[in-house]
Amino acid sequence: VEFREACYEVDGQRLVGPVVLEVRRGETLVCLGRSGSGKTTTLRLVNRLLDPSRGTVLVDGKPTTDWDPTTLRRNIGYVIQEVGLFPHFTVARNVSVVPRLLGWSEERVSTRVRELLALVGLEPEDFAGRYPHQLSGGQRQRVGVARALAADPPILLCDEPFGAVDPITRADLQQEFRGLATRLAKTVVFVTHDVREALALAARVALFDGGVVTFLGSVDEFRATDDQRVLAFRRSL
């Protein structure tokens with residue numbers, strides 16, 4: 001994923017940009033910033049929920065505006081805070097939405113659902129037939145991650161996915177997510193306002209302020225820099 005002087009404007013007001021940023025294949029890049037800093041808007045430029053007003057965003061070397069939106073989104077997993085599970089679908093049906101749209105056979109869909117539920121720590125025999133209202137908040141988030149991974153997309157976008165769960169569950173989910181991202185070698189763009197979460201998950205951290213990236217570097221570089229904007233976040237540790 002690459003941002004080349006990408007900007008997003010509404011009614012002439014620039015909300016994001018220019019952003020110059022490359023997300024390396026297989027890395028987890030965490031976009032860190034306060035509310036309103038532009039990190040979520042930047043994330044939405046990747047899967048064409050928004051199109052850049054200026055500049056270019058590229059996925060696999062191709063501008064997002066040249067992709068068919070449906071094709072692009074089916075190749076990008078998307079996990080959000082509220083999960084967005086279909087309440088009238090079982091867990092298995094929720095996880096299998098994209099594979100079914102892609103025309104997978106029932107046998108392949110069933111096998112994939114079982115694999116993914118086990119991968120995110122939900123025993124298939126216990127959880128496949130449940131409905132979202134029968135799950136805890138942490139369990140719903142796990143289903144959301146499984147659904148995002150269902151068609152094995154190379155890119156995963158995560159917008160504050162663990163922000164609505166309790167601190168203990170959140171720590172557990174972070175640990176499991178870090179292991180998943182490493183094992184599956186996904187390219188992950190993860191949005192958070194929580195500096196602890198950023199440092200726990202990131203290969204690199206992009207700090208957003210006023211719609212632009214004010215710092216980009218490894219976790220060690222984030223911890224070591226004397227940049228005042230970074231120091232303000234580090235004081236919250």
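View 1. Helices are DSSP runs (H or I, at least four residues), strands are E runs of at least two, and both are numbered from the N terminus. This is a predicted model: local features need pLDDT of at least 70, side-chain atom pairs count only at pLDDT 80 or more, and totals for chains, interfaces and linings use all residues. Residues are numbered from 1 along each chain as its sequence is written, and side-chain values use heavy atoms, without hydrogens and water.

**View 2. Helix α7 beside helix α8.** Helix α7 (residues 137-149) packs on helix α8 (residues 167-184) at about 15°, with axes 11 Å apart. That makes α7 roughly parallel to α8 (angles under 35 degrees). From α7, G138, Q141, R142, V145 and L149 make the contact (heavy atoms within 4.5 Å). From α8 come T169, D172, L173, E176, L180 and L184.

**View 3. The covered side of α7.** Ten of the 13 residues of α7 are buried (under 20% relative accessible area, 1.4 Å probe, protein chains only). Among them are V143, G144 and A146. The buried residues pack against β6 (76-80), α3 (91-95), α5 (106-119), β7 (155-159) and α8.

**View 4. Q139 and its contacts.** Q139 sits in helix α7. Leaving aside neighbours within four places in sequence, Q139 touches L122, F127, R130 and Q134. The C-alpha atoms of Q139 and V120 are 9.1 Å apart, with the two residues 19 apart along the chain.

Conventions: Axes are lines fitted to C-alpha atoms, for helices over the stretch in contact, and angles run from 0 to 180 degrees between N-to-C directions. Angles under 35 degrees count as roughly parallel, over 145 as roughly antiparallel, 65 to 115 as roughly perpendicular and the rest as oblique. Buried means under 20% relative accessible area, exposed over 50%, partly exposed in between (1.4 Å probe, protein chains only).
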